[in-house]
Amino acid sequence: MSRREKFRRQQEQNFVGRSGELAVFEANLRRDTNADDFRPLFHVRGQSGVGKSTLVRRWKGYAERARAATVLLDDSVHGPLEAMKAISDQLHGQGLSMNAFTKRLGDLRQRQKAAEHALPHSEGSPGTEAMAHAGLTAAGAVLGVPLGVDTLARSAGQAWGQRRDRRDFGLVLDPVSELTKAFVKELDELSKDWTWVVLFFDVYERTGPALDRWLRDLVRGERYGELPLKVLVVMSGQGRLTPAVWGEMTPFMEEVVLDSFTEEEARDLLARKGVTDEDIVTTVLHLSGRLPVLVDMLASHQPADPGAVIDPAETAVERFLKWEDDPTRRQAILDCALPQEVDADIYRALANPDAEPSTVNWLRSLPFITSHAGRYRYHDIVRDQMLRLQRTRSATDWTRRHTTLADYHTQQRAALETAVPEIGERWENDQWRDHRAAEMYHRLCTAPHETRLTVLQDCVHAAAANVETLSRWVRLIREAGRDSGQTAVTGWADSLGTSDSGETDPETALREILAVGLRLVKDGVSVGWLPGDDAEKRIYETSKAALQLRTSGAVLTSAISTVLLAHSFHVRAAHQEDLPMPLLLVTGRQ
């Protein structure tokens with residue numbers, strides 16, 4: 001027996017209840033794809049803490065025993081391109097290659113870089129490499145034409161698209177469509193060698209807004225090519241699927257709704273944890289509401305009497321710390337709730353700089369923490385309560401710890417920049433993006449107003465990279481606002497053209513990011529970047545902060561000018577002595 005199989009069997013032995021839900025999926029794996037009751041789509045929904053992720057992982061085990069190639073995605077993907085790449089990477093880790101897709105993805109990156117380097121530099125436009133990259137490529141994000149290909153094709157009499165292979169031109173203009181077609185062909189080939197191919201999309205309440213329409217079109221099989229029926233798609237999230245997107249697919253979908261444990265299931269879990277005293281069992285059932293994550297948590301330390309069971313209305317920290325005697329670990333549990341994910345390096349930055357990498361492994365024993373590839377994540381219910389306790393108990397400690405984390409990610413990001421000097425390449429680097437995102441998250445949690453300009457400037461670069469990266473940045477703004485209790489910050493995210501139930505729209509986002517002031521006049525339009533009252537008072541100073549404001553203004557002005565140029569407007573930069581950055585004079589279309 002392999003180590004992986006042993007771990008899987010142990011997990012199955014610890015799994016409690018949900019026999020009906022398990023049977024539904026297992027029965028579908030035994031059906032012929034032509035059977036009337038066969039379902040190629042599954043959707044699991046239920047409130048946080050009800051056990052959706054646990055059920056999905058159990059289904060994944062069932063599928064693998066039925067000789068299925070399986071992939072499980074979480075909220076680390078932010079759009080179709082990232083989802084396809086993550087699926088390809090996971091399959092590659094299992095020894096299954098998607099070579100044609102990988103080659104097309106490489107082609108896309110080469111074509112994008114070629115387009116970016118070939119873009120003309122407008123005379124009189126604001127300088128610096130940062131401004132050029134953000135401005136020139138943000139236009140592509142707004143127009144759906146990556147990296148200003150439309151402008152490039154018109155410039156200097158070059159018909160860029162005509163000089164390339166027609167497929168490559170389509171790849172740059174519509175990368176999602178072109179890559180998905182290659183992706184579907186790879187899945188078709190894979191399904192010939194495996195009984196099933198099962199794609200699991202967990203925490204879909206977070207990724208759904210960015211994936212919904214693409215995933216619907218993928219399984220419908222009309223836009224990108226026919227997906228084999230042997231490819232099953234499972235979505236798991238808190239809410240219902242959007243009817244306008246998924247309504248027509250309802251007849252082909254199995255909807256599985258999870259509720260709290262039945263009393264029998266809750267008692268079964270308590271018995272497996274060694275909790276059998278009837279008074280204690282009754283107390284746990286009452287206080288937990290039979291919500292699986294709370295039943296598990298309250299039972300994990302085998303309370304000796306009903307008084308030892310802590311009311312879940314109290315904070316998760318206090319519930320757990322009642323049974324943890326080690327003061328170092330008590331503080332570490334508190335600290336490790338602050339980052340969205342924890343690994344050995346982050347643990348050392350927070351808790352103990354001299355700790356061995358293996359020291360962090362004890363976190364996996366906590367009932368409210370899941371681990372994957374050396375990274376640990378708290379359950380949302382528990383983390384929310386821990387964050388609420390910390391930010392209300394000591395604002396000073398809250399700021400100090402978040403600043404420690406932000407500084408750590410700043411250092412890691414800066415170290416990467418020595419090897420990746422080009423701004424465009426940095427935004428293509430997964431490690432750099434991860435550190436930058438975490439850095440901005442922690443800065444927003446402690447100093448949102450001071451960080452706003454920087455994170456909005458990041459959004460311009462994110463939009464320049466692709467819609468998925470922009471969606472990630474908008475989401476980190478919203479999550480920072482939620483986790484820090486700053487409603488104004490969540491409002492910033494909403495104003496960027498997206499919401500918890502909607503998709504990120506680059507054009508709406510950039511309009512807000514750029515804070516463009518448009519004034520219609522007889523001869524055309526005057527465009528200027530408005531930094532806001534407080535910033536405007538400081539923008540003329542000679543301080544470092546004022547310099548950053550002026551730089552941000554120049555970057556944003558460059559971005560909007562390129563958007564207008566791509567729409568064939570005549571744009572001229574007008575430098576005025578009393579303004580620290582140029583106005584753009586727009587006098588009509590070309």
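**Figure 1. Strand E1 pairs with strand E4 in the parallel sense.** Two strands count as paired if DSSP finds at least two bridges between them. Helices (H or I, at least four residues) and strands (E, at least two) are DSSP runs, numbered from the N terminus. Leu41 stands opposite Val233 in E4. The model is predicted: local features need pLDDT of at least 70, side-chain atom pairs count only at pLDDT 80 or more, and totals for chains, interfaces and linings use all residues. Residues are numbered from 1 along each chain as its sequence is written, and side-chain values use heavy atoms, with hydrogens and water left out.

**Figure 2. Strand E3 also runs parallel to E4.** E3 spans residues 196-201 and E4 spans residues 231-237. The two strands are joined by 5 bridges. Val198 has Leu232 of E4 as its bridge partner. Phe200 stands opposite Val234 in E4. Strands of a sheet pair through backbone hydrogen bonds, either parallel or antiparallel.

**Figure 3. Five strands form an open sheet.** The order is E2-E3-E4-E1-E5, and the pairing is parallel. The edge strands are E2 (68-73) and E5 (253-257), each pairing on one side only. From one strand to the next, the twist averages 15°. Axes here are lines fitted to C-alpha atoms, for helices over the stretch in contact, and angles run from 0 to 180 degrees between N-to-C directions.

**Figure 4. Strand E4 is largely enclosed by the rest of the structure, because 7 of its 7 residues are buried.** Buried means under 20% relative accessible area, exposed means over 50%, and partly exposed lies in between (1.4 Å probe, protein chains only). Val231, Val233, Met235 and Gly237 point one way from E4. Leu232, Val234 and Ser236 point the other way. Both groups are buried.

**Figure 5. Lys192 belongs to helix H9.** Lys192 counts as exposed because its relative accessibility is 55%. Lys192 and Pro228 are 36 residues apart in sequence. Their C-alpha atoms are 9.4 Å apart in space.

**Figure 6. Ala488 sits in helix H24.** H24 covers residues 487-495. Ala488 has 37% relative accessibility, so it counts as partly exposed. Pro448 is 40 residues from Ala488 along the chain, yet 9.0 Å separates their C-alpha atoms.

**Figure 7. The largest cavity holds about 60 Å³ of space.** A cavity is a set of points on a 1 Å grid over the protein atoms alone, where a 1.4 Å probe fits but cannot get out; lining residues have an atom within 4 Å of a point. Grid points are joined across faces, edges and corners, and a volume is the space filled by probe spheres set on the points. The count is 2 cavities of 30 Å³ or more. Leu334, Leu338, Gln390, Arg393, Ser394, Asp397, Trp398 and Arg401 line the largest cavity. Helices H18 (380-393) and H19 (395-417) each supply at least two lining residues. H19 gives the most, with 3. The lining divides into 3 nonpolar, 2 polar and 3 charged residues. Ala, Val, Leu, Ile, Met, Phe, Trp, Tyr, Cys and Pro count as nonpolar, Asp, Glu, Lys and Arg as charged, and the others, Gly among them, as polar.

Conventions. 1 Å grid on protein atoms, 1.4 Å probe; cavity = no way out; pocket = protein on both sides within 12 Å on 5 of 7 lines; lining within 4 Å.
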